[in-house]
Every structure is written in structure tokens, then in C-alpha cells.
Amino acid sequence: MTRNPSTLDIYTRFFGLSERPFSLVPNARFVYWSVHHGRAWSILEYGIVTRAPITLVTGEVGAGKSTLVAHFLSNVPPDLRVGLVANAQSDRGELLHWVLLALDLAPTAEEGYVQLFGRLQEFLIQEYAAGRRVVLIFDEAQNLSRDSLEELRMLTNINSGTDELLQLVLLGQPEMRTTIRHPSLKQFAQRISASAHLPTMDAEMVESYIDHRLKVAGADSKIFTSDAAELVYTATGGIPRLINQLADQAMVYAFTSEIRQVDRALVQKVLDEGMFHGVRTLGETELSSTVLPLQHPTKN
């Protein structure tokens, strides 16, 4: 039977799914609570609850940092005002523009640095008076220069009495840990009250991760064999984004071949034909993080 590869749901109906299980777009519904992700979430939650000036979460490209943020943004309590800076620039002044834009405080061309800082400070005081805390999340924070990180630290000094009015959550790649060890950032490092690192998943976790995403998408049977999942792990190094790329390609291959289960041979075919373009990068030694006695997030 001839299939039309241009259909939007290219393989979802074939496998009885409601949506693609391996999209690269972060989706809170698909969060897989591995031991590492559960710990990182608990530490992120701990940082927010305890009003940590700076919370740091690092991990390899595609390790799931943005997915954790998506989960957080889908469950923001009413007493928080959250701003997300996806890819801030490093120049002094520009960073403050990004901060204001993230908080829906569009700066004007006529305003200088002092005026912009004053407007941010006034906003933080108003939110505090209304019983709300302000949290700024910086994704891809490894792109920020040391000067910009120091500028962010200075923003956390805005306070009302003993209460700090601004919290920072920084998400970055492993090299960010090297940056913050620089002597010029000693004060910045001292303000990091909560930190976690997302390492890659092992083979068993990868199989559970694949099964979990398929189940969320509506699968009622095991689509990837254990041997297939093991090869996915070997090829991707346990990095979620790369797992999604390879698993998605394998689903397309299975669909076009009218095969209901993805086995090791089919995954190998995807690799042999050069259809998987994921590039693995090896990070530094894992950053240790303390397991805190917080309630584990509800598993979806």
C-alpha cells in the first residue's frame, strides 16, 4: 500500500497515536522524571521556594533543561511573576533591555541605563507590595559574559529591608561551571544557593524514556524493542534531544515499511543510511548537587 509522506500526522494514525511522541519542541506533558530530572526539579523548586538569589541548572545540549522550564512555566503559582530570557546578549545596557522585555516592560529609545534600572527597581517594589515575587529565567546562560553575570548579581541586590525582590534561575551548558569559577565571579558564585546538573541517561533510562513518551502520545503497546532502545542509547549517548531525533526517524522508517514495531535492525538501518545527524558532545565531570528532602513532582 502506498503511503503519502506529506500528511501532517505522517505516522501517528498508523501507530494509533494522538500526536508525535518525539517532537523537539519542549512540552511539559512529556516530561520524563528520571532520577536526574526529578532531582533537578526538586532543586529548582527548592531554589524558588527558599528565595535563593541564584539557582543554577546545567546540562549537555538537549539534556532536558528547557523541558524542565516548560514544566515550571505550566505550573506557576499566583504569587510569582516570571520572566523568560531565551538568549540574552552580553553588552552592558542590552542585558537590562532583555530583562525589561521579559517582564513586559518595553524600554524606550530615550531611556538611559539609569532610567531603565530605576524602572526595574520600581516594578520590583510594586510587585513586592502586591505580594508577588519576581523570578527571571535565563536559558542558554553560558552565552553571558562574566561582566553580564556580575551585572545580574547586582540586580539581585535590589531589596526591601531583609527581603530580596528578584530571583534568578540560570540554565546553561556544562562550560558555565568553568566560567563561574573565575576569580572575578567569586561574589556571583557565593550567591548560588541551589544548583543541579543533568547528566546523560543510561541505557535502562533511555528505554523507559522512549516508552514513557510513546505512552503519553497514546501508545497502548510496546513499539520499540529493548534491543532497539539499547542501540538508540549507544548512538545518542543518552541525550534526550538526540534520542528524540533518532526515535522519530525510526518511527518514520517503520511507517513507510508498514512495520508495527521498531527493532534493532530498523534503527541500524536509519544509522547506516546516514539519516541521523545528531552530534554527541562530552561534558565535564558532573556537578554534584545535594538531594533535598522535597516532595517529588507529580508524575504525569
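Threonine 225 sits in the loop between helix 8 and helix 9, where helices (H or I, at least four residues) and strands (E, at least two) are DSSP runs numbered from the N terminus. The model is a predicted one, in which local features need pLDDT of at least 70 and side-chain atom pairs count only at pLDDT 80 or more, while totals for chains, interfaces and linings use all residues. Residues are numbered from 1 along each chain as its sequence is written, and side-chain values use heavy atoms, with hydrogens and water left out.

Despite its place in a loop, threonine 225 counts as buried because its relative accessibility is 18%; buried means under 20% relative accessible area, exposed over 50%, and partly exposed in between (1.4 Å probe, protein chains only). Leaving out residues up to four places away in sequence, threonine 225 touches Gln261, Val262, Asp263 and Arg264, a contact being heavy atoms within 4.5 Å. Valine 262, with residues up to four places away again left out, touches Thr225 along with Ile223, Phe224, Ala228, Ala250, Met251, Ala254 and Val267.

Valine 262 also turns up in the largest nonpolar core, a set of 37 residues in which Ile210, Phe224, Met251 and Val262 have the most contacts. A nonpolar core here is a set of buried Ala, Val, Leu, Ile, Met, Phe, Trp, Tyr and Cys residues joined through side-chain atoms within 4.5 Å. Two or more residues of this core come from each of helix 8 (203-216), helix 9 (226-236), helix 10 (240-256) and helix 11 (264-272). Helix 10 gives the largest share, with 9 residues. Apart from this core lies another, of 32 residues, including Val134, Leu152, Ile158 and Leu165. In soluble globular proteins, nonpolar side chains tend to be buried together.

Valine 267, one of the contacts of valine 262, belongs to helix 11. With a relative accessible area of 0%, valine 267 is buried. Its contacts, neighbours within four places in sequence aside, are Ala228, Leu231, Val232, Leu246, Ala250 and Val262. From valine 267 to glutamine 249 it is 18 residues in sequence and 8.4 Å in space, C-alpha to C-alpha.

Turning to the strands, strand 3 (residues 133-138) is mostly covered, with 6 of its 6 residues buried. Arg133, Val135 and Ile137 point one way, Val134, Leu136 and Phe138 the other way, and all are buried. In a regular strand the side chains alternate between the two faces of the sheet. Strand 3 runs parallel to strand 2, joined by 6 bridges, and arginine 81 has valine 134 as its bridge partner in strand 3. Two strands pair if DSSP finds at least two bridges between them. Strand 3 also pairs with strand 6 (residues 166-172) in the parallel sense, over 5 bridges; there, glutamine 167 is the bridge partner of valine 135.

Strand 7 (residues 192-198) has 5 of its 7 residues buried, so it is largely enclosed by the rest of the structure. Strand 1 (residues 54-59) and strand 7 run parallel and are joined by 6 bridges, with glycine 59 opposite leucine 198 in strand 7.

Some loops deserve a word as well. Aspartate 104, in the loop between helix 3 (94-102) and helix 4 (113-129), has a positive phi of about 60° although it is not a glycine. At 65% relative accessibility, aspartate 104 counts as exposed. Glutamate 140, in the loop between strand 3 and helix 5 (146-155), likewise has a positive phi, near 55°. Its relative accessibility of 29% makes glutamate 140 partly exposed. Most residues other than glycine have a negative phi.

Valine 76 lies in the loop between helix 2 (65-73) and strand 2 (80-85) and, at a relative accessible area of 31%, is partly exposed. Together with Leu73 and Leu84, Val76 forms a nonpolar surface patch of about 200 Å² of accessible area.

As for the whole chain, the protein has 11 helices and 7 strands, and buried residues make up 47% of its 300 residues. The protein exposes about 14600 Å², 51% of it supplied by carbon and sulfur atoms; accessible areas come from the Shrake-Rupley method with a 1.4 Å probe, and for residues only the protein chains shown count as cover.

Key: Patches are made of residues with over 30% relative accessible area and no salt bridge: like charges are joined within 9 Å, nonpolar side chains (Val, Leu, Ile, Met, Phe, Trp, Tyr) within 5 Å. A salt bridge is a side-chain nitrogen of Lys or Arg within 4 Å of a carboxyl oxygen of Asp or Glu.
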